[in-house]
Amino acid sequence: MPEPQLSRPDDGAVAATGAGGGMDLATSEGFTLERGPDGPDGGGPTGRPRSLWSDAWRDLRRDPVFLVSGLVIVFLVVISLWPSLIATGNPLSCDLAKAQEGSRPGHPFGFNGQGCDVYTRTVYGARTSVVVGVCASLGVAVTGSVLGGLAGFFGGSWDAVLSRITDIFFGIPVVLGGLVLLSVVTSSTVWPVIGFMVLLGWPQISRIARGSVITIKQNDFVQAARALGASNTRMMLRHILPNAVAPVIVVATIALGTFIALEATLSYLGVGLKPPTVSWGIDISDASPYIRNSPHMLLWPAGALAVTVLAFIMLGDAVRDALDPKLR
């Protein structure tokens with residue numbers, strides 16, 4: 001009885017193995033790997049393995065929530081950098097003779113209680129909100145990731161001390177802490193508010209980064225790198241950080257909208273930003289006593305704040321759905 005003949009793999013169809021070597025594949029198998037798991041429309045470049053980031057970007061480009069929120073955020077960033085593109089007036093130029101007047105040609109949003117153009121102040125207020133949200137999110141993400149990552153990687157006494165410090169900060173109410181800490185600040189710039197948000201916001205990112213690092217460092221590829229003599233710095237930067245950063249990005253993106261709302265809340269209460277800084281929270285606070293007689297003074301800055309916060313939260317939700325493999 002003749003022996004069955006085994007088909008030989010074609011030359012050139014080689015796939016990398018987990019141990020760093022090579023394994024021959026048949027032509028059809030190699031072509032499948034090159035095309036990606038989704039066929040010709042998989043979105044991955046030819047000859048390169050698909051990754052979490054490439055899959056996430058492919059999903060985000062097809063997500064209408066991401067596209068709509070992204071367009072709103074791009075518009076906000078553009079008018080924050082160049083507000084004169086759509087508002088030619090001066091937000092600090094006021095005329096008491098026009099106080100609380102409604103819409104008129106050239107002033108579609110009317111005037112506030114000081115006679116300032118509400119439209120111009122609403123446009124310029126976007127700059128403050130975007131700067132506070134972005135800077136606070138970056139500060140929280142960097143501080144929390146570094147402290148939580150080190151605690152999760154080294155463990156021991158460092159982890160125990162940081163965990164207790166984190167618990168202390170979690171017990172401080174954010175608004176109450178802002179009322180206490182910012183009430184003694186006389187500066188009218190955004191930096192004291194940003195510093196306060198970083199001070200009370202890093203524990204959440206730290207706990208997420210710690211858990212992510214603890215999970216990643218138990219994987220086989222990290223243990224293999226350790227066995228091959230890789231230094232702690234190389235393992236953190238080369239193997240652990242790229243795989244542990246996704247949850248941090250998701251939480252920081254969602255928190256960006258929260259920080260914008262928190263800045264407006266503190267400014268409304270009188271302990272956040274102070275005049276002459278242009279802020280939606282300040283305008284909402286000034287317009288509150290006149291809500292019955294001149295509702296336009298409150299509705300426009302409040303509406304801009306609501307749209308901005310909603311856009312960043314929707315963006316964070318879309319990024320979370322794209323980066324979480326469990327939701328695929």
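## Ground rules

Since the model is predicted, local features need pLDDT of at least 70 and side-chain atom pairs count only at pLDDT 80 or more, while totals for chains, interfaces and linings use all residues. Residues are numbered from 1 along each chain as its sequence is written, and side-chain values use heavy atoms, with hydrogens and water left out.

## Salt bridges

Let's start with the charged pairs. A salt bridge here is a side-chain nitrogen of Lys or Arg within 4 Å of a carboxyl oxygen of Asp or Glu, and the count comes to eight. One of them joins Arg210 and Asp159, at 2.6 Å from N to O. Arg210 sits in helix H7 (residues 191–216) and Asp159 in helix H5 (residues 156–170), so this pair ties together parts that are 51 residues apart in sequence. (Helices are DSSP runs of H or I with at least four residues, and strands are runs of E with at least two, numbered from the N terminus.) Asp159 is buried at 12% relative accessibility, whereas Arg210 is partly exposed at 28%. For those labels, buried means under 20% relative accessible area, exposed means over 50%, and partly exposed is in between, with a 1.4 Å probe and protein chains only.

Helix H5 also holds the pair Asp167 and Arg164, which are three residues apart and so separated by about one helical turn. Their closest N and O atoms are 3.0 Å apart, and Asp167 is partly exposed at 34%. Bring in Arg207 and you get a network of salt bridges linking Arg164, Asp167 and Arg207. Elsewhere, Arg58 and Asp59 meet in a salt bridge at 3.4 Å, N to O; Arg58 is buried at 11%, but Asp59 is partly exposed at 25%.

## Nonpolar cores

Now for the inside. A nonpolar core is a set of buried Ala, Val, Leu, Ile, Met, Phe, Trp, Tyr and Cys residues joined through side-chain atoms within 4.5 Å. The largest has 28 residues, and Ile260, Leu305 and Leu323 have the most contacts inside it.

## A greasy surface patch

Helix H6 (residues 174–181) supplies the largest share of the patch, six residues. Val180 is found in H6 and counts as exposed, at 51% relative accessibility.

Two loops are worth a look. The peptide bond from Pro275 to Pro276 is cis, with omega near 10 degrees, and Pro276 is in the loop between helix H9 (232–268) and helix H10 (280–287).

The other spot is Gln100, which has a positive phi of about 65 degrees although it is not a glycine. Gln100 lies in the loop between helix H3 (64–81) and helix H4 (118–154) and is partly exposed, at 30% relative accessibility.
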